[in-house]
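Open your viewer and get ready to select residues by number.

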Amino acid sequence: MSNPHVLQVSQLTQKVRFMLESELNTVWLTGEISNFIAASSGHWYLSLKDQKSQVRCAMFRGNNRRVRIQPRNGQQVLVRAKVSLYEPRGDFQLIIEQMEDAGDGLLRQQYEQLKAQLSQEGLFDLARKQPLPENITTVGIVTSPTGAAIQDILAVVSRRNPLLNVIIYPCLVQGEQASAQIAHSIMRANQRMECDVLIVGRGGGSLEDLWCFNEENVVRAIAASQLPVISAVGHEIDTTLSDFVADTRAPTPSAAAELVSGELAQMMAQQQQLVQQLRTRLQTNIIRWQEKLNHLSHRHQQCHPVQKLQLKQQQVDELNHRLLRVIEQQKTITVNQVERLSHRLNQVNPMKQVKQWQELQLSLHSRLVNTTKNQLDSRKAEFSHVIEQLHLISPLATIARGYSVTRDNSDKIVRTIEQVNVSDGLSIQVNDGMINATITDIKPNSK
């Protein structure tokens, strides 16, 4: 009988780890967190379980810094992890690279899948985007008539360009029926063709609240719009698929109103196009670099020192956990000793020293009150002085001394005779009221 090849235990665990990491590589899975530990090294250790099974997991400090949730026991999460083996114990485990709340994580997956599909169809290409009109007289708004977004838009338009016509196409912006109503309102605005540009949006919210603007029917309705569309969904940090397909993206509804109501609309549109081009190029480069990095990482993962370092870090965490238990036990013993000594010390009542500290406290309190009062009096005097100076340079004080302010029909202050003509109306503000007058003659100063 030939001698069989005998392996050391460490050799076996190393081979099994190599097979697991080579064959399965990266997996996505969802489960419930249990036995969560945040080690002092910054690494996380936990178990993911369902009704039938559980698996141990580790998430190292470099990855968990990017997690936007605070993990807790009992929480359902979606993770991307590498299948591995903890060699010192021979335990099967997962090395988590990414973690999200299960609900947001599934929505995020749907978001990325639809984004990739629509991008391949060319719906996000810059070549198909329309520029905003130079002279905008009427703007259409697709949003909820009772939301905060419409109030913000109307306030900005009223302040910057009161002559701008506004047409509201009411619809829901949250819930199951929202996407159908938004798409219908966009198509209705294109059928009527009664506005120069269309704003589609709502105020900020969670990913679930804004989900209707990621629905395929809304994205395709924006892509098919003959009217230029400005996407104004959420806050500046919120990004939906409507932002990618729209001709222009505004970070907020108020910013969209500024784009269409001010003289800087064309400049802002050009700037937004440049930002969109830069974002697209950056995303393309990031994807290419990530693919290259994944390829190199897969080739060198067995010889890379990071894995050995992570293994040592995990061992350090275990030893640290044991050390903390010993320290906690010693702490309990010390606390008991301190309590016994405190009981003996309480037999001697240090009332005299306590009385001295009380007197010192009263003295400090009196000094604090006096200092505060002096500071307050000084601030009041400074404030009165500023009020007097402000009154001296106030235009109302000038008017009160007998001067007046003359404005033309567009409420602009008249500074030269070239601004007015004979028969024009004027409004003259004096100290106690307004005087309306009509120009009968204009005489320039003699040279």
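Start with Val430. Its bridge partner is Gly433, which sits in β13. Keep in mind that you are looking at a predicted model.

**Stop 1: the hairpin**

Select Gln429 next. Its bridge partner, Met434, is also in β13. Now colour both strands, β12 (425-430) and β13 (433-438). Together β12 and β13 form a hairpin, with 2 residues between them. Their pairing is antiparallel and runs over 6 bridges. What holds paired strands of a sheet to each other? Strands pair through backbone hydrogen bonds, and the pairing can be parallel or antiparallel.

**Stop 2: the whole sheet**

You now have an open sheet of 3 strands in the order β11-β12-β13, paired antiparallel. Which strands are at the edges? They are β11 and β13, and each of them pairs on one side only.

**Stop 3: a loop residue**

Select Asp411. Asp411 and Ser427 are 16 residues apart along the chain, and their C-alpha atoms are separated by 8.2 Å.

**Stop 4: α4 and α8**

Select helix α4 (residues 148-160) and helix α8 (residues 253-261). Their axes come within 8 Å and cross at roughly 30 degrees. Angles under 35 degrees count as roughly parallel, and therefore α4 and α8 are roughly parallel to each other. The crossing of α4 past α8 is right-handed.

Show the side chains at the contact. From α4, pick Ala149, Asp152, Ile153, Val156, Val157, Arg159 and Arg160. From α8, pick Pro253, Ser254, Ala257, Glu258 and Ser261. What kinds of residues make up this contact of α4 with α8? The contact has 6 nonpolar, 2 polar and 4 charged residues.

Stay on α8 for a moment. This helix is mostly covered, with 7 of its 9 residues buried. The buried residues include Ala255, Ala256, Leu259 and Val260. Pro253, Ala257 and Ser261 are buried too, and these three take part in the contact with α4.

**Stop 5: α5 and α6**

Select helix α5 (residues 178-192) and helix α6 (residues 216-223). Their axes also come within 8 Å, and they cross at roughly 10 degrees. That makes α5 roughly parallel to α6.

Which residues of α5 and α6 meet? Ser179, Ala180, Ile182, Ala183 and Ile186 belong to α5. Across from them, α6 brings Asn217, Val218, Ala221 and Ile222. The contact of α5 with α6 divides into 7 nonpolar, 2 polar and no charged residues.

**Stop 6: a residue in α9**

Finish with Gln276. Gln276 is found in helix α9 (residues 265-300). Is Gln276 buried or exposed? Gln276 is buried, because its relative accessible area is 7% and buried means under 20%. Which residues does Gln276 touch, leaving aside its neighbours within four places in sequence? Select Leu126, Lys129 and Phe244: Gln276 is in contact with these.

Notes
Residues numbered from 1 in each chain as written. Predicted model: local features only at pLDDT ≥ 70, side-chain atom pairs only at ≥ 80, totals over all residues. Heavy atoms only, no water. Helix = DSSP H or I, 4+ residues; strand = E, 2+ residues; numbered from the N terminus. Pairing = 2+ DSSP bridges. Axes fitted to C-alpha atoms, helices over the stretch in contact; angles between N-to-C directions. Parallel < 35°, antiparallel > 145°, perpendicular 65-115°, else oblique. Left-handed = near helix turned anticlockwise from the far one by under 90°. Contact = heavy atoms within 4.5 Å. Nonpolar A, V, L, I, M, F, W, Y, C, P; charged D, E, K, R; others polar. Buried < 20%, exposed > 50% of the residue type's maximum accessible area, 1.4 Å probe, protein only.
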